[in-house]
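Biologist: Could you take me through this model step by step, and tell me what each answer rests on?

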Amino acid sequence: YPEIGYPNSVENITTQDVELFYKNIFRNNELKIITVGDIAENEIIELTDRNNIHSNSTNKYFDFIQPGRSGTNYYFVHKENSPQAEIRIGHITPKRNEKNFYAIRIMNSILGGQFSSRINLNLREQKGFTYGAGSSFNYNQNSGSFQVSTAVNIQNTGEAVTEIIKELNGIKQNITEEEIKFAKSYLVKQFPSRFETYSQTANNISPLLTHNLPIDYYKNYTQKLEDVKSEEIINAAQENIGEDNLSILVVGDKNIIVELMKKICNENLVELDIYGNLLQPV
């Protein structure tokens, strides 16, 4: 469901749809304002008061339903004559948890969150399949997701998927002290660069509101990374990498990728159209 929509959905949007969306979504009583720049607090207050940023609206647009896991599933989307295959592998995760967030961050840095990560070194440096591959954990207010992403030469599709799954299994079995030390150093040293520009600063403040974090959260951020114990990082991998509950999606020419994927998956390989609709098992 891309934010920019599809031609048929955009063409059918009416002025009334836009007005209704605005009334249901933009609730001033829940408004959060973040400003970064050469402006004083009293000026911000004056601007919000002048524009009547007050409301008692309590409308809700939708209720979030947590998706469940249902085993590993393999999907593909056909793109004729594609020389490459885009690969996405991941699953739903719980929402951000303050207790294990730092351990997950360090673990994912080792797995796929930096250039020298296991996934990138495997697929790029050792195999030569891609220019880059990585993994990430992304959190919304009520849920989260884990995803590995890369693009490979289409002939290497099946082997690339196999190697990614191997790394997902491997991170749950063993993490060395050297890897942990390097990951902590990387995350601590790159931390200041996250606040170099106004937009970066604003973007890093917004999670404090989304996840109800303390206003002094970043004051102890690097120390909390340093304090994470090795067993916590291993537990983070075992509890948050669901190698048996993956959604595996490949986009490329089906005349090539279907046979490659059939060699690695016992389950039915399901074709989707470009809108994500199920077509049929292959």
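Biologist: Which strands does helix 5 lie across, and at what angle does the helix run to strand 3?

Modeller: Bear in mind that this is a predicted model. Helix 5, made of residues 118-126, lies across strand 3 and strand 4. Its direction relative to strand 3 is about 150°.

Biologist: What angle does the direction of helix 4 make with that of strand 3?

Modeller: Helix 4, covering residues 101-111, packs on the sheet and touches strand 3 and strand 4. With the direction of strand 3, the direction of helix 4 makes an angle of about 165°.

Biologist: In what order do the strands of the open sheet come, and which are the edge strands?

Modeller: The open sheet has seven strands with mixed pairing, and their order is 3-4-2-5-1-6-7. An edge strand pairs on one side only, and this holds for strand 3 (133-139) and strand 7 (278-281).

Biologist: In strand 4, which residue is the bridge partner of Q84?

Modeller: In general, strands of a sheet pair through backbone hydrogen bonds, either parallel or antiparallel. Here strand 2 (residues 84-93) and strand 4 (residues 144-153) pair in the antiparallel sense over 10 bridges. The partner of Q84 in strand 4 is N153.

Biologist: Which element gives the largest share of the largest nonpolar core?

Modeller: The largest nonpolar core has 53 residues, and those with the most contacts inside it are I89, M107 and L168. Leaving aside residues up to four places away in sequence, M107 touches several residues, among them F137, I171 and I233. The largest share of the core, eight residues, comes from helix 4.

Terms used: Residues are numbered from 1 along each chain as its sequence is written. This is a predicted model: local features need pLDDT of at least 70, side-chain atom pairs count only at pLDDT 80 or more; totals for chains, interfaces and linings use all residues. Side-chain values use heavy atoms; hydrogens and water are left out. Two strands pair if DSSP finds at least two bridges between them. Helices (H or I, at least four residues) and strands (E, at least two) are DSSP runs, numbered from the N terminus. Contact means heavy atoms within 4.5 Å. Axes are lines fitted to C-alpha atoms, for helices over the stretch in contact, and angles run from 0 to 180 degrees between N-to-C directions. A nonpolar core is a set of buried Ala, Val, Leu, Ile, Met, Phe, Trp, Tyr and Cys residues joined through side-chain atoms within 4.5 Å. Buried means under 20% relative accessible area, exposed over 50%, partly exposed in between (1.4 Å probe, protein chains only).
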